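Look at the structure first, then work through the points.

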Amino acid sequence: MDRPVTPRTLRLNASDNVIVAVDALEPGASVDGVAVTQRIPRGHKMAVVPMAAGEPIVKFGQIIGFASKPIAPGEWVHEHNVEMHDFARDYRFAEAARKEDILPVEQQATFQGFRRANGTVGTRNYIGILTSVNCSATVARYMAEEIRRSGILEQYPNVDGVIPLVHGGGCALDVKGEGYEVLKRTQWGYATNPNMAAVVMVGLGCEGFQIARWKEIYGIAESDTFRSFTIQEIGGTKKTVEAGAAAIREMLPVADRAKRETVPASELMLALQCGGSDGYSGITANPALGAAADLLVKHGGTAILSETPEIYGAEHLLTRRAATREVGEKLVELIKWWEDYTTRNKMEMNNNPSPGNKAGGLTTILEKSLGAAAKGGTTTLTDVYRYAEKVTAKGFVFMDTPGYDPVSATGQVAGGANVLAFTTGRGSAYGCKPTPSIKLATNSEMYRRMIDDMDINCGDVIEGVSIEDKGREIFEKVLKVASGERSKSEELGYGDAEFVPWQIGATM
């Protein structure tokens, strides 16, 4: 007679007072020496010791919330018996900073990239159509459609495509305010991202975000890789579409001259993202991506962690790794800004976990943040950047962004990211032109269900694959995609609609 199979669980740290259900737990089962008293879904938490009301709940060896009422061993630990309030964090600035052991260039991994005239290296070769305002979005799309419909792209095999990157703002904003500055940096960042071979900028003409002013600020001149148009000046929709399409036709031969060549991995700038997180994210895919980020840093490259609301409660783990106290304090100042920002908008930081996150086993923003921060690996935090600010430092850096994935990734790409890795537990469908997006599944069930969208299964970490081996697999995939291998999201055509600049401030 077959013995009943004991459901699998994980205790992530010896000091934890909860365990994670790898398999669903049913009442009557015994796990970790504790009798299960309630059904506990996979990915969720079970108490293993009695907890009094107000007592900290500990996972990963860190506080993730507080018991809102007494919790007995064997009970399900989730929203119904967990609350969140602030608690003291010891930032211990720069105490774990170290000089990283970077491989010499001749020992670094390589990939096949497009070296640009300014020295940066692209992993893709696109022509982009940027818009100054939402009023010119349709014209930008018509330009791209005109080029696609003509079939001319088939004559230029080194060009990955023409992408309209439209947004919902650009007017009714304070042209001397923070919102304008963010949009200005974002547009400049996309125009100069190394994955762009050439850019057309199209506006209406009367908007707050004036193309002429933007060009003057950055010293941009019309050239064979940059052209700008306004609908009102050109004479309407049809004439502007014709002018834009003609400019793109002239740009195509120039863009097609770019050829891939062997370059060191130090030229990679990897954006680290997570979306649709679940109870496995902080156990499998996120630490595995962190291991890959560590490898990239060792090979001289740059890894960008972002999503400031999703490091809240875990920022003290990053400040200890800051290169200097000043770098760590920049991160804490971001946390304070977000606390004020959410208060002014009558929100709270714990609003962040989505219904899908909670269904997947995440209870509080503290728990989500501890898992999300694992994407950043273990190396020294070398610098902290504003949203869409150009990233110039090597190594592991942080960029201030919202937690909403399209807005966050837009800031990272504007900062110069030429490849992106995206972990997901629920199954996010996301692409990020001009930067290729590699999707990492946190659990095997979702990976099999969404095989057409997922590039790598990290669920096998639960079955015994080491974090180090999975990190190496991710690193090798990054090199292949950077060299031209198409990711699943690229094969599906994602990326045209996911350009979402952060809109800060009032719409006037």
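Strand 6 and strand 7 (residues 62–67) pair in the antiparallel sense, over four bridges. Two strands count as paired if DSSP finds at least two bridges between them. Strands (E, at least two residues) and helices (H or I, at least four) are DSSP runs, numbered from the N terminus. This is a predicted model, where local features need pLDDT of at least 70, side-chain atom pairs count only at pLDDT 80 or more, and totals for chains, interfaces and linings use all residues. Residues are numbered from 1 along each chain as its sequence is written, and side-chain values use heavy atoms, leaving out hydrogens and water.

- Pro-56 has Phe-66 of strand 7 as its bridge partner.
- (Contact means heavy atoms within 4.5 Å.)
- Axes are lines fitted to C-alpha atoms, for helices over the stretch in contact, and angles run from 0 to 180 degrees between N-to-C directions.

- Four strands form an open sheet with parallel pairing, in the order 13-12-14-15.
- Strand 13 (161–165) and strand 15 (226–230) are the edges; each has a single partner strand, so one side of each lacks a neighbour in the sheet.
- From one strand to the next, the twist averages 20 degrees.
- Strand 14 (residues 196–203) pairs with strand 15 over five bridges.
- Met-201 has Ser-228 of strand 15 as its bridge partner.
- Helix 1 (residues 137–150) packs on this sheet, touching strand 12 (126–131), strand 13 and strand 14.
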